[in-house]
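Let us walk through this structure together, one interface at a time. Please have the sequence and the 3D view open as you read.

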Amino acid sequence: MGVPNLIFLVILLGAFGLFGKNLMRIRRNILLGRDVDRTDQAGKRWYTLFRVALGQGKMVTRPIAGFLHILVYAGFLIINIEVLEIVLDGLFGTHRLFSVLGGTYDTLIACFEVLALLVLVSCAIFLVRRNVINIKRFGMKEMSGWPKSDANLILIFEIVLMSALLTMNASDAVLQARGFGHYVTAGSFPVSEFIQPIFSGLTDDSVFAVERITWWFHIIGIFGFLNYIIVSKHLHIMFAFPNTYYSNLEAKGRFTNMEAVTSEVKMMMDPTADPFAADAGGEEDAGVFGAKDATDLNWVQLLNAYTCTECGRCTSECPANITGKELSPRKIMMDTRDRIEEIGSNLDKHGADYIDGKSLIDDYISREEIWACTSCNACTQACPVNIDPLSIILDLRRYAVMEESSAPTELNMMFTNVENNGAPWQMPAADRLNWAEEE
Amino acid sequence: MAQMAAEGKQPDVLFWVGCAGSFDDRAKKITKAFVKILHQVGLSYAVLGTEESCTGDPAKRGGNEFLFQMQAMMNIEVLNAYEIKRIVTTCPHCFNTIKNEYPELGGEYEVVHHTQLIQELIENGSLTIQGGAFKGKKITFHDPCYLGRANNVYDAPRSLMQKLDAELVEMKRCRTNGLCCGAGGAQMFKEPEKGAKDINVERTEEALSTGADIIATGCPFCNTMMTDGIKSKEREGDVEVLDLAEMIAQAQDL
Ligand code: SF4
Ligand code: SF4
């Protein structure tokens, strides 16, 4: 193993080590959430994963963005085969190892090149869409600052990586043609052959230098990318898979049943019940009703938050947002992620007993936002990775109502009516059948 | 229902009228229209009358799980005592709550929305519809969230409209992309948060832009919201908001 191979090994281990460490930190943060059982219906869950995440089943509802996204996504997946070859090359000095495949290899490389070009073009179009064309969902206030730069950075990152890949191939092909060193003749280069003429005037050594520089630049760029996505909204390229697998399979209209409430209500309704029976069952304390902070949410909701790619499809379909209310389901997800990240870093810095005095509600998400929701499920329907902002809104409402009794006055009146008259209006139950007599 | 039970009879279906259908003047008309259809086909049905109570939907969406579960358990007790098997409702909120949220609390029934039941009656030949009354009219259908997205019922209401010989013009945001009328999630019972516009106005504008003469829907709350929207646009003279049950009853001259 030569020096370059050793250097490569160190970089590789460093990159994966850092990545693994961050991944474990996120996993720890997600598991700060409450438990929820999503181990049922494995078949249906796999099906959802294949259809929604792998098959991009929900992206195509917006045809242009959906199509371009599929290009970038397919390019990303398939070009990874070449990355594997490059990694092996870095470790063992086996240049173009897969060329033993012969004609198949040529076809593969040709495909990679075409895909690389398509990715490049798509990312360029995405950049224009985000920054030049005024698309409302990219310009909302929760997208200012870091979220906007994050989105642009990723696109620029991909463009640079793809350019490096193509330049590398072009210089490689030139070296192949000149019979330089170990550059075996392998691959076909339908795209980068247009770059080749640039190198025609250069000496063998210069072309070799270009090839080496782009090779290293490209692979280090990929490792950088790997470690960038983990701190960015781009995490969805990995988390979309578990996120769709664990997503809610029930009818969207079905809101979760709170079992802690069920046992209390049963007790209230049945005077003979033993008030200690429930506790004796060894059930652990359910904590607060609903959610005040991010750790009161369940781990699927936190996984949702880390998976959100801030595309804003949810918000652009949200009736409250469309009509100018404060509520934006995308912001609900972004706030949840920011808050659980903050809780996680407090934990790392100050230990488990530290309380920062902040909470998801009020410090991140306002009352005005949660009470503007019509529970219409447009957001969950629109989300391409099956995120459920509505469930978080509901849990925040539950906290506001059951722990603080701080619902808007009109809703408190409605609750009282339901309790006293069995109807949300102040109508006596005895009048329920009056319609039958009226003409 | 009490009466039927006393006579030892079981209805084919229990009609869950709902709070709007019982108390709201506009929604009562939908209740009556639907009952007329039931009478015409001679289906044996019962209502709980004063034994019915709010399903708890607005309490649950409003975050008051305690109140919801108390309502749910009371209702389930009544329904189970009568050994009810099948329930029809004219309200997608009652439909959703009883169908999806009662089973976990011990209330398992087959629940259908009235548009589904009517569709079934047409398909099995109990009900035939003369389309004459709506011939040449343009109708647009507003998908109630708790019928559509919440429970994936999109085709039953549309199949009824086809039978009416009317021209169905879809809004741009329809079916899975349907825009809410603004009433769900307990919004019906409070003023909206501040914003640029009311949701029902946004939706009404979209409905009007199709040039429809009738805005059809299948939910008493959507009906209220759209009717208010029409009023705010001062179009109550030429555009009607109707429930599908009312349209069928009208077509039958009931
Ligand atoms: S469920 Fe609430 S947050 Fe989601 S789209 Fe509807 S109103 Fe907006
Ligand atoms: S929740 Fe889903 S739809 Fe909304 S911004 Fe995040 S990824 Fe996009």
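Across the interface of domain 1 of chain B and domain 2 of chain B, the rule finds eight residue pairs in polar contact (both at pLDDT 80 or more). A polar contact here is a pair of N or O atoms within 3.5 Å; within protein, one must be able to donate a hydrogen and the other to accept it, and residues adjacent in sequence count only if both atoms are side-chain atoms. Helices H3 (25–41), H4 (57–61), H6 (92–101) and H7 (114–123) of chain B each supply at least two residues of the domain 1 side, and H3(B) gives the most, with seven residues. Helices (H or I, at least four residues) are DSSP runs, as are strands (E, at least two), and they are numbered from the N terminus. By class, that side of domain 1 of chain B has eleven nonpolar, ten polar and five charged residues. In this scheme Ala, Val, Leu, Ile, Met, Phe, Trp, Tyr, Cys and Pro count as nonpolar, Asp, Glu, Lys and Arg as charged, and the others, Gly among them, as polar.

A word on the ground rules: this is a predicted model, in which local features need pLDDT of at least 70 and side-chain atom pairs count only at pLDDT 80 or more, while totals for chains, interfaces and linings use all residues. Residues are numbered from 1 along each chain as its sequence is written, chains are lettered from A and ligands numbered from 1 in the order in which they are written, and side-chain values use heavy atoms, with hydrogens and water left out.

Where do the two domains of chain B lie? Domain 1 covers 2–119 and domain 2 covers 129–251, with bounds that come from an automatic or database domain assignment. Their C-alpha centres lie 22 Å apart, and 26 residues of domain 1 of chain B are in contact (heavy atoms within 4.5 Å) with 28 residues of domain 2 of chain B. Together the two domains of chain B bury about 2100 Å², 72% of it on carbon and sulfur atoms. Buried area is the accessible area (1.4 Å probe) that two parts lose on being put together, summed over both. B:Arg26, B:His93 and B:Thr115 supply 24% of the area that domain 1 of chain B buries against domain 2 of chain B, more than any other three residues. B:Arg26 also meets B:Glu246 in a salt bridge (2.8 Å, N to O), and the count between these two domains is one salt bridge. The term stands for a side-chain nitrogen of Lys or Arg within 4 Å of a carboxyl oxygen of Asp or Glu.

Now turn to chain A, which is assigned domain 1 (3–30 + 62–235) and domain 2 (259–424). Here the C-alpha centres lie 41 Å apart, and the contact takes 20 residues from domain 1 of chain A and 25 residues from domain 2 of chain A. The area buried between them is about 1900 Å², of which carbon and sulfur atoms give 46%. Five salt bridges are counted between these domains. A:Arg25 forms a salt bridge with A:Glu341, the closest N and O atoms being 3.0 Å apart.

Next come the ligands, both with residues of chain A around them. Which residues surround ligand 2? Among them are A:Cys308, A:Cys311, A:Cys314 and A:Cys383, along with A:Arg313 and A:Arg330; a residue is near a molecule if one of its heavy atoms lies within 4 Å of it. That shell divides into seven nonpolar, two polar and three charged residues. Around ligand 1 the residues include A:Cys318, A:Cys373, A:Cys376 and A:Cys379, and its shell has nine nonpolar, three polar and no charged residues.

Finally, look at where the chains meet: 59 residues of chain A are in contact with 66 residues of chain B. The two chains bury about 5500 Å² between them, 65% of it on carbon and sulfur atoms. A:Trp425, A:Arg432 and A:Trp435 supply 15% of the area that chain A buries against chain B, more than any other three residues. There are five salt bridges between the chains, and B:Lys28 forms a salt bridge with A:Glu438, the closest N and O atoms being 3.1 Å apart.
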